[in-house]
Amino acid sequence: MASSFGSSYSGLKCRDGIFYAGSNTHDLKKWPAQSIPIGHQGRRKCRVGVSVVRSQGADVAELQASSSGPLLVPRQRYCEATHMTIRRKTRTVNIGGVTIGSEHPIRVQTMTTTDTCDVQATVEQVMRIADKGADLVRITVQGKREADACFDIKNTLVQKGYSIPLVADIHFAPSVALRVAECFDKIRINPGNFADRRAKFETLEYTEDDYQKELEHIENVFSPLVEKCKKYGRAMRIGTNHGSLSDRIMSYYGDSPRGMVESAFEFARICRKMDYHNFLFSMKASNPVVMVQAYRLLVAEMNVVGWDYPLHLGVTEAGEGEDGRMKSAIGIGALLQDGLGDTIRVSLTEEPEYEIDPCTRLAKLGMEASRLQRGVEPFEEKHRHYFDFQRRTGELPSQKEGEEVDYRGVLHRDGSVLMSVTLQQLKNPELLYKSLATKLIVGMPFKDLATVDTILLRELPPVEDKSARLAIKRLIDVSIGVLTPLSEQLTKPLPNAMVLVTLDEFSSGTRLAITLRGDEPYEELAILKNSDAIMLLLDLPRTDKKVSRVHASRRLFEYLQENQLNFPVIHHLQYPSGTERDDLVISAGSEAGALLVDGLGDGIFLEAPDHDFEFLRTTAFGMLQGCRMRNTKTEYVSCPSCGRTLFDLQEISAEIREKTSHLPGVSIAIMGCIVNGPGEMADADFGYVGGAPGKIDLYVGKTVVKRAIAMEQATDALIQLIKDHGRWVDPPKEEE
């Protein structure tokens, strides 16, 4: 019993002889007392009797919902409703007159990149940020000199008529936090390094007494700041970062969303013990999938213990350009679609004022979704995994006897990209092949790493147009799928094409793709049970303002899984003329990304008449990579810069990208400093990190391998390091 229970409930936590787990209490069963290894690494043991309940098809243990004990094991409610967007109810937190919480607009913020000791430069940057519409500004405060400068910064801004609240970003420096709390409106502390030493990624073992002493140490270090915040009316953000958890937390909970939540809860319990409630939480990670899971788990745990603190949302080290915006849209947008989030930051390796526009677009999206309460009719959800990533993988096409072409390549196992092609594009086949990202050999197309998997021809060329039809045949010959509407195939038959039909048009046939909305009545969806469709295209018209794509899609996936229908599902997003580039990126990331981070979906199909083919293709592939599905280019974990940054992050980032962007499957972290520890690069294979002014440290994973390299030689040294580890390939040569 003990071994099987331990393997089934490896997330159970115990304190004082009590296990803590989910909150539902129906169908109660009692387990006999056992000595069960618990915690992520099995480092502590308890002897207890355990109550087990059956909740929505999953066994979870249920005991006390106590804010003084370790966290509870899901399955718990993490949002107000899973079938529609309802904003989560929170208390109001006051930050220098700016109110944050569910009764107020979603606030936007960013962070300065200037040297905090340079008062004039910092003041000027804060003014630019405020003029762009930010509600809050965060400033790094790493030492006493910076804390002293904060008084001048605040006073100068007030003299210039700027009352925007200022937030102090604190790491490793409790005494600095106490000083700056006298002038700034809010203190952001990182629970991974405020009282604990810098993580060395060592596995530690604790007795119950040892662990309790660690918690007492945290309280002794942290409580003076709580007292000062109460005295001066300051707010606080308890902001966990995935990459900077302490060794103590990682030894017990692992480098995981659960560890992130418990790290924050330790500090929140102290605040509550001291009757201080003017604080909010954040759970940031550079991986949008981990970030979404951590926030959901945080809210689920708060629901169990009856807490209602607001949330600050962000994907840390998101990068720059469309990639940075897409990563942020996936993580932040997924949570906003569930009504979670009260203030947001889009962290970009760009000037801070440039973050405000995508922030504002996301905030508008979240506010509109909750105002309209977009969704579908209620449905029972039993199969989606809220707190861990488990991908529902559609059954890929197989080859059938007698078929002339190989259909196995029309979809990709790691996520597919579909594109719409016009008759005009068929007039220049070689240019079309290049735009599909094929590899050309003597003018003939062959599939490459980021080649479009299937094209949609809404209009077929006439049967007598031999040139256009030959261009299509050459694509089919290399397993690029060709999809065309039923009406076109009936009037201008194309050999070996796949036919796109609606549910109404479906009767029978092979190599059919079915397009649907996701919110059809179940009696209409029942036709899928008699289909062997090659794929489903999930296409909810954007003109429908009350139905939510995210919730309609969840409903469809629930139906498919409940009925064991394994069709691949492609998220088909069509945008009208006039859609701005950033709106498309943020909308696509928020809607399709919100589903892909839950493992729901097998590909992306973007259409927008105003945007060029290359942009749509790279955006689709970028979304798949951002959701940790299909890797087609180098992955960068790039910090947004702050006052601690030891080099020109934007310039160096551009230089490194220019020389390494052709290495799919390789992840490179570019970090201005190492304040949050090498754990910030948890997702990266190699790290380029500011170690001292003008000096760079290089990492492999979390281990520093070269120190104090002169910046002029550092990029070449990074490339050599990648070569030494067998991860380098030379850039492809352009065909003459």
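In the predicted model, the side chains of Asn190 and Ser244 are joined by a polar contact of 2.8 Å. Asn190 is located in a loop, with β11 (186–189) on one side and α5 (208–232) on the other. The relative accessibility of Asn190 is 1%, and this residue therefore counts as buried, the cut-off for that class being under 20%.

When contacts between residues at least 6 apart in sequence are considered, 71% of them are found to join residues at least 24 apart. The accessible surface of the chain amounts to about 28100 Å², and carbon and sulfur atoms contribute 48% of this area.

A total of 6 cavities of 30 Å³ or more was counted. The second largest cavity holds about 130 Å³ of space. Its lining is formed by 14 residues, and those closest to the centre are Asp323, Lys327, Lys633, Glu635 and Tyr636. Two or more lining residues are provided by each of the elements α9 (321–337), α18 (613–626) and β26 (635–638). Sorted by class, the lining of the second largest cavity includes 6 charged, 5 polar and 3 nonpolar residues.

Methods
Residues numbered from 1 in each chain as written. Predicted model: local features only at pLDDT ≥ 70, side-chain atom pairs only at ≥ 80, totals over all residues. Heavy atoms only, no water. Contact = heavy atoms within 4.5 Å. Areas by Shrake-Rupley, 256 points an atom, 1.4 Å probe, with all protein chains shown as cover. 1 Å grid on protein atoms, 1.4 Å probe; cavity = no way out; pocket = protein on both sides within 12 Å on 5 of 7 lines; lining within 4 Å. Points joined across faces, edges and corners; volume = space filled by probe spheres on them. Helix = DSSP H or I, 4+ residues; strand = E, 2+ residues; numbered from the N terminus. Nonpolar A, V, L, I, M, F, W, Y, C, P; charged D, E, K, R; others polar. Buried < 20%, exposed > 50% of the residue type's maximum accessible area, 1.4 Å probe, protein only. Polar contact = N/O pair within 3.5 Å; in protein donor to acceptor, adjacent residues only side chain to side chain.
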